[in-house]
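This briefing concerns one protein model. Please consult the sequence and the structure shown here before turning to the points below.

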Amino acid sequence: MGIFENVGAFVSGFLSDRANRYLIATGSTLIVEIALVLSIICYYQESYALCFVTAALWGMSDCIVNNMCNIITTTLFPD
């Protein structure tokens, strides 16, 4: 999960300079929703590979959401 948080940080930092920040924030909430659905599926399927993918999505979504919140907040309130 920690490796994918770093990947999420690099991806969201790279994209935040080049794309609409609000669109990236919306996309990050979609990643959270997908991770939630996969978590429920993992509970019933007991698949280790799916658990790994779910943990990766949780790590990426956690970092991207935090990064986008910080970027949008510092843009709206510069001081």
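The sulfur of Cys 42 lies 3.8 Å from the closest cysteine sulfur, that of Cys 51, which is too far for a bond, since a disulfide is a pair of cysteine sulfur atoms within 2.5 Å. The structure accordingly holds zero disulfides. The model is a predicted one, in which local features need pLDDT of at least 70, side-chain atom pairs count only at pLDDT 80 or more, and totals for chains, interfaces and linings use all residues. Residues are numbered from 1 along each chain as its sequence is written, and side-chain values use heavy atoms, with hydrogens and water left out.

**Cysteines**

- Cys 42 is buried, at a relative accessible area of 9%; buried means under 20% relative accessible area, exposed over 50%, and partly exposed in between, with a 1.4 Å probe and protein chains only.
- Cys 51, by contrast, is partly exposed, with a relative accessible area of 34%.

**Overall architecture**

- The protein chain contains three helices and zero strands; helices (H or I, at least four residues) and strands (E, at least two) are DSSP runs, numbered from the N terminus.
- Along the sequence the pattern is α-α-α.
- The C-alpha trace of the protein chain spans about 45 × 20 × 20 Å along its principal axes.
- Of the 79 residues in the protein chain, 24% count as buried.
- Among contacts in the protein chain with a separation of 6 or more, 70% are accounted for by residues 24 or more positions apart; contact means heavy atoms within 4.5 Å.

**Packing of α1 and α3**

- The axes of helix α1 (residues 2-18) and helix α3 (residues 48-76) come within 8 Å and cross at roughly 40 degrees; axes are lines fitted to C-alpha atoms, for helices over the stretch in contact, and angles run from 0 to 180 degrees between N-to-C directions.
- Helices α1 and α3 are therefore oblique to each other; angles under 35 degrees count as roughly parallel, over 145 as roughly antiparallel, 65 to 115 as roughly perpendicular and the rest as oblique.
- The α1 and α3 crossing is right-handed; a crossing is left-handed if the near helix is turned anticlockwise from the far one by less than a right angle, and right-handed if clockwise.
- Residues making this contact include Phe 4, Gly 8, Ser 12 and Ser 16 of α1, and Phe 52, Gly 59, Cys 63 and Ile 71 of α3.
- By class, the contact of α1 with α3 has nine nonpolar, six polar and two charged residues; Ala, Val, Leu, Ile, Met, Phe, Trp, Tyr, Cys and Pro count as nonpolar, Asp, Glu, Lys and Arg as charged, and the others, Gly among them, as polar.

**Packing of α2 and α3**

- The axes of helix α2 (residues 21-45) and α3 come within 8 Å, with a crossing angle of roughly 155 degrees.
- That angle makes α2 roughly antiparallel to α3.
- The crossing of α2 and α3 is left-handed.
- The contact of α2 with α3 comprises 22 nonpolar, five polar and one charged residues.

- Glu 46 is found in the loop between α2 and α3, and its phi is near 55 degrees, a positive value in a residue other than glycine.
- Glu 46 is exposed, with a relative accessible area of 66%.
- Phe 77 is located in the segment after α3 and counts as exposed at 60% relative accessibility.
- Phe 77 and Ala 19 are 58 residues apart in sequence and 20 Å apart in space, C-alpha to C-alpha.
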